[in-house]
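Please look at the sequence and the structure before reading on.

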Amino acid sequence: MNRRQFLQTAAITPIALILGAKFIATLRPYPLQELQTRLRAMQPERLISVGTWNVSQIFQHCAQSIRYSLYGYPEHYSALFKNTAGKLALNAFAAKGSMHHPLDEVIPGAPALAADVPNDVALRELMYELQQFINWQGDLAPHFAYGSLTKAQYYSAHYLHLQNHLQEIQQV
């Protein structure tokens, strides 16, 4: 490969990856309704967390994330980050079929998660926000890290995010 070919490839590859990230996150349908069924079957009084946050805080965090996709996130990463690393991360998660991120990392600018909210109240809030998202017909707010997403891409992001957090919840 000569220098000109190398430079052309180096210039085109990031663009192709970013455009591909916009597409790949919509390839696999993620069934949020399946998660609704799983959440409905939970017995809030019998749930424990094996992570840093308690069960209620996990539910609150997930509800915040879904709500913000409809009404706007309080803070955002830079446009450069969202259109490069953010899109690539979502693409990688969607392609792999799972998300892995620090499970005690708050949404930038979001209110603190209240440790004393009962599990059943936080679970109802999460289920409400999930149904609001499924029914939503309006424009969606850009994600704080992934930027502008279609509803299908948000389905992927929310499904994978919930799945990741639910790994820390066990029933006793």
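Q: What counts as a helix or a strand here?
A: Helices of at least four residues and strands of at least two are DSSP runs, numbered from the N terminus. The model examined here is predicted. In these terms, Gly51 lies in the loop between E1 and H3.

Q: Why is Gly51 called partly exposed?
A: A residue is buried under 20% relative accessible area and exposed over 50%, with partly exposed in between. Gly51 has a relative accessible area of 29%, so the term partly exposed applies.

Q: How far apart are Gly51 and Ile169 in sequence and in space?
A: In sequence, 118 residues separate Gly51 and Ile169, and their C-alpha atoms are 8.1 Å apart in space.

Q: Why is Glu129 called buried?
A: The relative accessible area of Glu129 is 7%, and buried means under 20%, so Glu129 is buried. Glu129 is found in helix H5.

Q: Which residues does Glu129 touch, not counting residues up to four places away in sequence?
A: Glu129 touches Ala63, Ile66 and Arg67. Contact means heavy atoms within 4.5 Å.

Q: How do you know what span is expected of H5?
A: The expected span is 1.5 Å times one less than the number of residues. Helix H5 (residues 119-135) has 17 residues, and the expected value is 24 Å. From its first C-alpha to its last, H5 reaches 24 Å, which is close to that expectation.

Q: What puts the buried residues of H5 on the same side?
A: The buried residues of H5 are Asn119, Ala122, Leu123, Leu126, Glu129, Leu130, Phe133 and Ile134. Around the axis they cover an arc of only 140 degrees, and therefore they lie on the same side of H5. These buried residues pack against helix H2 (32-40), strand E1 (47-49), helix H3 (55-71) and helix H6 (151-166).

Q: Why are the buried residues of H2 said to line one face of the helix?
A: In H2, Leu32, Leu35, Gln36 and Leu39 are buried. They fall within an arc of 105 degrees seen down the axis, so they line one face of H2. Their packing partners are H3, H5 and H6.

Q: What makes up the lining of the largest pocket, by class?
A: The lining has 14 nonpolar, seven polar and one charged residues. The volume of the largest pocket is about 360 Å³. Of the 22 lining residues, the closest to the centre are His101, Glu105, His143, Phe144 and Tyr146. Two or more lining residues come from each of H3, helix H4 (79-96) and H6. H4 gives the largest share, four residues.

Notes: Residues numbered from 1 in each chain as written. Predicted model: local features only at pLDDT ≥ 70, side-chain atom pairs only at ≥ 80, totals over all residues. Heavy atoms only, no water. Buried < 20%, exposed > 50% of the residue type's maximum accessible area, 1.4 Å probe, protein only. Arc of directions from axis to C-beta. 1 Å grid on protein atoms, 1.4 Å probe; cavity = no way out; pocket = protein on both sides within 12 Å on 5 of 7 lines; lining within 4 Å. Points joined across faces, edges and corners; volume = space filled by probe spheres on them. Nonpolar A, V, L, I, M, F, W, Y, C, P; charged D, E, K, R; others polar.
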